[in-house]
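Me: I would like to go through how some labels on this model were assigned. Please set each value against its rule.

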Amino acid sequence: MEENFICLDIGGTSIKYALAAGGRLREKGSVPTEGRTAGAQGVAEKVLAIVDTFRGRGVAGVAISTLGIVDPVAGKVIYAGSSIKDYTGFALKALVEESTGIPCTVENDVNCAGLGEYWLGAGRGVRSLVCLTVGTDVGASILFNGRLWRGANYSAGEAGSMRLAGGRFGDLASVRRMVQRAAKAHGIAEELDGETVFAWARAGDADAVNAIAGLIAPLAEGIANICYILNPERIVLGGAVMAERQYLAPRILADLEEAVPRPFRSATQLAFAELGNDAGLMGALYHFLQRRRDAQERAQNRETGEAGKVR
């Protein structure tokens, strides 16, 4: 009988969820996070309500992906911005396990996206992988042999805070900056979306072309730094904007040709994420399975050691 797992992806706008079995997501849904108003307590109530919906379905675990810097051992958010009020210090793992009795794991959302792409997406088959997620900011996850490199403070991969020649990477290469640049050039006060900007660019609009170029240049500069420092086998680009792969890919590669001499990147492939909005959910599940397997191996090793002592 297949095990069922509840997967959740807690973002600033919505909490996505699904019931997973056999490596597939089923019964997917989402609820608004309302983090600025309801805060961490509101998130707690929504998470427990989602878990309660699937109880009695043979659930073997709850796998959570969330914004913020996460201590995956404690399952606790150790730093979060303003998207969810009072979220820093929030003990998600303890909340779920003490309230439901179901095992729970928690990991950072960008790390989960990287794990998902490594397991079932564009990162399959490589030993070293960096996943960049481009949106209102830029995040990264770093994997070696299928294991996350989290850093001493669990903050490795905070690529958006990297300093480039023009400023902060996450600001310069953000979709928000691109959209604002295009809107200003057109004298438009209201909020645009990325799809509109790319549609204008494909139609030959010079201002839209320049706005996108303003995203590509710092993105390529950031990728160049990753090539120099980590030299991974593959760099996967994710985020909703990467749906514009046909437009972006040749232009990013052209800028990389200028930024990085070929000997430094000839073995590094550039790829685009394949799992879309499911990456965080699938990565959360992979993280749960990985931690469970590690715990089982440690227990087995302890038993083997104790048996050896008896002999």
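Reply: Start with residue classes: Ala, Val, Leu, Ile, Met, Phe, Trp, Tyr, Cys and Pro count as nonpolar, Asp, Glu, Lys and Arg as charged, and the others, Gly among them, as polar. By that rule the lining of the second largest pocket divides into ten nonpolar residues, two polar and one charged. The model is a predicted one.

Me: What makes a residue part of the lining of a pocket?

Reply: A lining residue has an atom within 4 Å of a point of the pocket. The second largest pocket holds about 220 Å³ of space. It is lined by 13 residues, and I142, G157, A159, I226 and L230 are the closest to its centre.

Me: Which helix or strand supplies the largest share of that lining?

Reply: α7 does, with three residues. Both β9 (138–144) and α7 (206–229) give at least two residues to the lining.

Me: Why is the pair R150 and E107 called a salt bridge?

Reply: The rule asks for a side-chain nitrogen of Lys or Arg within 4 Å of a carboxyl oxygen of Asp or Glu. For R150 and E107 the closest N and O atoms are 2.7 Å apart, so the pair qualifies.

Me: What makes E27 and R57 a salt bridge as well?

Reply: Their closest N and O atoms are 2.4 Å apart, and the cut-off is 4 Å, so this pair also meets the rule. E27 sits in strand β3 (residues 24–32) and R57 in the loop between α1 (35–54) and β4 (59–66); the two are 30 residues apart and link distant parts of the chain. Over the whole structure the search finds 15 salt bridges.

Me: How do you know how much area the two domains bury between them?

Reply: The domains are domain 1 (4–109 + 277–304) and domain 2 (122–273). The contact takes eleven residues from domain 1 and eight from domain 2. Buried area is the accessible area that two parts lose on being put together, summed over both; here that comes to about 720 Å², 45% of it on carbon and sulfur atoms. In domain 1, I69, E107 and Q290 lose the most area to domain 2, together 45% of what that side buries. Two salt bridges are found across this interface.

Methods
Residues are numbered from 1 along each chain as its sequence is written. This is a predicted model: local features need pLDDT of at least 70, side-chain atom pairs count only at pLDDT 80 or more; totals for chains, interfaces and linings use all residues. Side-chain values use heavy atoms; hydrogens and water are left out. On a 1 Å grid over the protein atoms alone, a cavity is a set of points where a 1.4 Å probe fits but cannot get out, and a pocket is an open set with protein on both sides within 12 Å along at least five of seven lines; lining residues have an atom within 4 Å of a point. Grid points are joined across faces, edges and corners, and a volume is the space filled by probe spheres set on the points. Helices (H or I, at least four residues) and strands (E, at least two) are DSSP runs, numbered from the N terminus. Domain bounds come from an automatic or database domain assignment. Contact means heavy atoms within 4.5 Å. Buried area is the accessible area (1.4 Å probe) that two parts lose on being put together, summed over both.
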